[in-house]
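These are my notebook entries on a structure that I looked up.

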2 protein chains.
Amino acid sequence: MSQPAAKAARRADAQRNAEKILDAAVACLSRNSDASVSEIARAAGVGRVTLYGHFPSREALVEAALTRLLAKGNAVLEGLDLAGDPRSALRELIESSWLLMAQASAVLQAAQAVLPPGRVRTLHEHPEQRVGDLVRRGQSEGVFRVDLPAGWLVSLLHHVMKGAAADAAQGRLDQADAPRFIVDTVLAAYMPVDRG
Amino acid sequence: MSQPAAKAARRADAQRNAEKILDAAVACLSRNSDASVSEIARAAGVGRVTLYGHFPSREALVEAALTRLLAKGNAVLEGLDLAGDPRSALRELIESSWLLMAQASAVLQAAQAVLPPGRVRTLHEHPEQRVGDLVRRGQSEGVFRVDLPAGWLVSLLHHVMKGAAADAAQGRLDQADAPRFIVDTVLAAYMPVDRG
């Protein structure tokens, strides 16, 4: 191999390792927000030295894992057309992102333990805002209830998705059922109360 | 003081210390499921040696704190008349126990990290079963939806109460609003779907 080609191969190799480490970090931290660097290295199939070559500390690794998940989540959200009926938009949002948001929330918990609070808030401001916009639009169009504040309705969605993810992880809920259960309960909870 | 009287006074003193330590354990573990023995001793206003005199290990302390909370929760549940309209029963159940159940769920998380899984399950089987009975009765009486399994409806209540407790702890939700928000969303989510 020529010198530049060897260098490019090494770079591609390093890139692949970094990806493997981040995937393993997301998987391990989703299961256990206290997962150690050794556990993550083992799951990625790399040594600790290699891991530390990419991420100098557990904090850096947790932050990179969270950033990666949120970037994925943002890409999914950006790809959705949330402009139609708020109920269909909410349904589509849940179905396309519940697992990702659930993972992010476990990784977020890990991040909250090691990153400064302001940093964590900035990182997940954007997805939370898109959900908030949708809820407020639904309220102003009269299809979502207004007797409860939008902030609580957004939190509710978050709690139900996170709880369903925990149930699925513990084998109490079939992962295939989760999106329907979440949609059917959250949409019912969002309905205006003056039904009759 | 006579010898037996002095002995009784020491016993009363020890009893008070044990109570203080358990109260502090519940408070600290509710805020942070990783709270250390030193933190709990400090919050109780006793030394570590005194604490270890009552609870030989962190595991023992966590288990005692959880047992105490669940006993309180059971006492509250036993005191409720859940025999009437399932909707009113659910409302009363939430209003009287949300904070306690929320604390229990944070302490439970601490317990899950140190106690064998079977032990944790046995400890909180009883309250979960009373809620399950109420949900199933509501379903059979046609006031709660049957298109979703009772197990999910029970989990949903748990997720919403736990989430509200976390929101309140982080100052995102006024503690005084929480019971109403929980009741109004959970009852709406439980309603039969053939409304019109």
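The entries below record what I looked up, topic by topic.

**Basis.** I worked from a predicted model, in which local features need pLDDT of at least 70, side-chain atom pairs count only at pLDDT 80 or more, and totals for chains, interfaces and linings use all residues. Residues are numbered from 1 along each chain as its sequence is written, chains are lettered from A and ligands numbered from 1 in the order in which they are written, and side-chain values use heavy atoms, without hydrogens and water.

**Interface.** I looked up the contact (heavy atoms within 4.5 Å) and found 26 residues of chain A against 26 residues of chain B. The two chains bury about 2100 Å² between them, 60% of it on carbon and sulfur atoms; this is the accessible area (1.4 Å probe) lost on being put together, summed over both parts.

**Salt bridges between chains.** I applied the rule of a side-chain nitrogen of Lys or Arg within 4 Å of a carboxyl oxygen of Asp or Glu, and two salt bridges cross the interface of chain A and chain B. In one, B:Arg172 meets A:Glu128 at 3.9 Å, N to O. In another, B:Glu128 meets A:Arg172, with 3.9 Å from N to O. This pair runs from helix H7 (residues 125-140) of chain B to the loop between H8 and H9 of chain A, helices being DSSP runs (H or I) of at least four residues, numbered from the N terminus. B:Glu128 is partly exposed at 34% relative accessibility, and A:Arg172 is partly exposed at 49%; the class lies between buried (under 20%) and exposed (over 50%), with a 1.4 Å probe and protein chains only.

**Aromatic pairs.** A:Phe144 and A:Tyr190 are edge-to-face, at 5.1 Å centre to centre and 70° between the planes. A:Phe144 lies in the loop between helix H7 (125-140) and H8 of chain A and A:Tyr190 in helix H9, so the pair ties together parts 46 residues apart in sequence. Both residues, A:Phe144 and A:Tyr190, are buried. The rings of A:Trp152 and B:Phe181 have centres 5.7 Å apart and planes at 45°, so this pair is tilted. The pair crosses from helix H8 of chain A to helix H9 (residues 178-190) of chain B. A:Trp152 and B:Phe181 are buried.

Definitions and conventions. Rings of Phe, Tyr and Trp (its six-membered ring) pair if their centres lie within 6.5 Å; planes under 30 degrees apart count as stacked, over 60 as edge-to-face and the rest as tilted. Helices (H or I, at least four residues) and strands (E, at least two) are DSSP runs, numbered from the N terminus.
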